[in-house]
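Hi everyone, thanks for having me.

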Amino acid sequence: MTVRKNHRIVSLLLLLPVTIPLLLLAVLDAAKWQHKYRQNTGAGHTYVHISLTPEEMVWMDKKEILVNGRMFDIKTIRLEKGRYEIYGHYDDKESKLLRLRKRQEESRNQHTLSQAFSSLQTLFFQEVNDCFPLHPATGKPATPCTSLIPEGYLSLITPPPKS
């Protein structure tokens, strides 16, 4: 009887190295199929059908369009009677990123415009003291500064007005 018990224990111990990897493979395979199912069904997304004309289509990428300011991920698309029948879901995360990027570009453009305006001001509207330096002895403005006036205009002679 003890020999039989020992024989059963030894057989179970020999089967363990074979059965454990098989069980592990089965669990991993099930997890892989579950992940694939979630990807195909779009777990967490609400899929909708929309219909757009070609003029309304704003393509952002191969499988993404812009619909009413929101990104839309396309699952399937077909053209019927001059309209696109689209099945997919709205991607609010990408919509948020798109709005953030537009705001950054607008602020960058405003910053560039204000820099250009201030540069123009410094070029053409210098301080009076810079253009009319004071004479050290009298304290009154010396000769006018002509560095901002192009040389060609300085040599032009203007005739007196006719009465």
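Let me start with a question for you: does Phe-72 count as buried or exposed, and at what relative accessibility? Keep in mind that what you see is a predicted model. Well, Phe-72 has a relative accessibility of 0%, so it counts as buried.

Now, who is its partner? Phe-72 pairs with Tyr-90 in an edge-to-face arrangement, with 5.0 Å from centre to centre and 80° between the planes. Phe-72 belongs to strand 4 (residues 70–80) and Tyr-90 to strand 5, so this pair ties together parts 18 residues apart in sequence. Tyr-90 itself has 24% relative accessibility, so we call it partly exposed.

How many aromatic pairs turn up in a search of the whole structure? The answer is two. In the pair of Tyr-47 and Tyr-87, the ring centres are 5.3 Å apart and the planes meet at 25°; planes under 30 degrees apart count as stacked, so that is what we call this pair. Tyr-47 sits in the loop between helix 1 (2–41) and strand 1 (48–52), while Tyr-87 is in strand 5 (residues 83–90), 40 residues away, so the pair links distant parts of the chain. Tyr-87 is partly exposed, at 28% relative accessibility.

Finally, let's look at the surface. Ile-9, Leu-13, Leu-16 and Ile-20 make a nonpolar patch of about 380 Å² there. One of them, Leu-13, is found in helix 1, and its relative accessibility of 54% makes Leu-13 exposed.

Key. Residues numbered from 1 in each chain as written. Predicted model: local features only at pLDDT ≥ 70, side-chain atom pairs only at ≥ 80, totals over all residues. Heavy atoms only, no water. Phe/Tyr/Trp six-rings, centres within 6.5 Å; stacked < 30°, edge-to-face > 60°. Helix = DSSP H or I, 4+ residues; strand = E, 2+ residues; numbered from the N terminus. Buried < 20%, exposed > 50% of the residue type's maximum accessible area, 1.4 Å probe, protein only. Patch = residues over 30% accessible without salt bridge, like charges linked within 9 Å, V, L, I, M, F, W, Y side chains within 5 Å. Areas by Shrake-Rupley, 256 points an atom, 1.4 Å probe, with all protein chains shown as cover. Salt bridge = Lys/Arg side-chain N within 4 Å of Asp/Glu carboxyl O.
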